[in-house]
Amino acid sequence: MLFVSFIVLVLVAFGNGVYEYWNDLQNEQVVSAQSDQTKEQFIASLVPVAKEEQQRYGVLASITLAQAALESDWGKSELSAKYNNLFGIKSTNGSLMTTKEYVDGQWITIKDTFAVYSSWDESVRAHTQLFVNGTDWNKAHYQAVLTATDYTQAAQALQDQGYATDPNYAQKLIALIKEYNLNQYDV
């Protein structure tokens with residue numbers, strides 16, 4: 001009888017643990033599905049303007065979408081949510097914000113002034129114009145991004161030209177494009 005009571009206790013204890021684990025797993029799947037849906041909504045909201053800019057200027061839509069997702073944390077960063085700046089584009093007359101940059105082999109926190117836009121579409125168009133017009137010091141600075149024949153070349157060109165300080169920037173963009181099949185929007 002003692003043995004049966006022990007087994008019942010083990011089953012009850014184990015059963016509760018399995019039930020809790022199962023509920024936790026289901027909750028994680030719901031959160032993950034909601035997160036994926038939010039990411040899909042983010043992508044869908046930018047596809048029209050990304051494709052439009054690709055047709056007009058040659059910036060691959062997949063690159064625009066991946067950069068927007070990465071730079072803005074899928075539209076959730078303060079810079080994108082409050083100031084519609086999806087790409088971390090800096091400006092002399094904007095909003096002072098804190099950011100992280102990779103300098104001399106380590107991540108540091110800095111304050112800098114970032115551009116403010118009226119909408120995400122305006123941010124995408126400004127992003128394209130940065131590539132088209134280049135920088136103050138080199139008008140052809142991002143020419144390799146515009147002439148890239150595929151997203152891997154464009155991502156590498158962005159890293160080579162120092163668009164971001166992250167030494168893994170190209171790899172991160174390529175991984176996002178592959179994971180979310182963003183190259184399907186390249187026209």
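Predicted model: local features only at pLDDT ≥ 70, side-chain atom pairs only at ≥ 80, totals over all residues.
I take a salt bridge to be a side-chain nitrogen of Lys or Arg within 4 Å of a carboxyl oxygen of Asp or Glu. Residues are numbered from 1 along each chain as its sequence is written, and side-chain values use heavy atoms, with hydrogens and water left out.

**Entry 1: Lys90 and its partners**

I looked up Lys90 and found a salt bridge with Glu101, the closest N and O atoms being 2.6 Å apart. A salt bridge also links Lys90 to Asp112, here with 3.4 Å between the closest N and O atoms. Lys90 belongs to strand 1 (residues 90–103) and Asp112 to strand 2 (residues 106–114), so this pair ties together parts 22 residues apart in sequence. I use strands as DSSP runs of E with at least two residues, and helices as runs of H or I with at least four, numbered from the N terminus. Through shared partners, the salt bridges join Lys90, Glu101 and Asp112 into one network.

I then checked accessibility (buried is under 20% relative accessible area, exposed is over 50%, partly exposed is in between, with a 1.4 Å probe and protein chains only). Glu101 is buried at 16%. Lys90 is partly exposed at 38%, and Asp112 is partly exposed at 25%.

**Entry 2: Arg125 and Glu52**

I counted the salt bridges in the structure and noted 4. One of them joins the side chains of Arg125 and Glu52, at 3.2 Å from N to O. Arg125 sits in helix 4 and Glu52 in helix 1 (residues 2–57), so the pair connects parts that are 73 residues apart in sequence. Both ends are partly exposed: Arg125 has a relative accessibility of 33%, and Glu52 has 30%.

**Entry 3: His127**

I stayed in helix 4 (residues 120–133), where His127 is placed. Is His127 buried or exposed? His127 is buried, and its relative accessible area is 0%.

I found a polar contact of 2.7 Å between the side chains of His127 and Gln67. For this term I require a pair of N or O atoms within 3.5 Å; within protein, one must be able to donate a hydrogen and the other to accept it, and residues adjacent in sequence count only if both atoms are side-chain atoms. I also listed contacts, meaning heavy atoms within 4.5 Å. With neighbours within four places in sequence left aside, His127 is in contact with Thr64, Gln67, Phe87, Ile89 and Tyr163.

**Entry 4: helix 2 against helix 7**

I examined helix 2 (residues 61–72) and helix 7 (residues 169–179), whose axes come within 9 Å and cross at roughly 110°. The axes are lines fitted to C-alpha atoms, for helices over the stretch in contact, with angles from 0 to 180 degrees between N-to-C directions.

On the helix 2 side I listed Ser62, Ile63, Ala66, Gln67, Ala69, Leu70 and Glu71, which meet Tyr169, Lys172, Leu173, Leu176 and Ile177 in helix 7.

**Entry 5: positive phi**

I looked for positive phi in residues other than glycine and noted Asn84, with phi near 60°. Asn84 lies in the loop between helix 3 (78–83) and strand 1. Asn84 is buried, at 18% relative accessible area. Leaving out residues up to four places away in sequence, I see Asn84 touching Leu79, Tyr117, Ser118, Ser119, Trp120 and Ser123.

Asn181 is not a glycine either, and its phi is positive at about 50°. I placed Asn181 in the segment after helix 7. Asn181 is partly exposed, with a relative accessibility of 38%.

**Entry 6: the chain as a whole**

I recorded 7 helices and 2 strands for the protein chain, in the sequence order α-α-α-β-β-α-α-α-α. Of the 187 residues, 36% are buried. Among contacts with a separation of 6 or more, 55% are between residues 24 or more positions apart. The accessible surface is about 11,100 Å², and carbon and sulfur atoms account for 54% of that. I used Shrake-Rupley areas with a 1.4 Å probe; for residues, only the protein chains shown count as cover.
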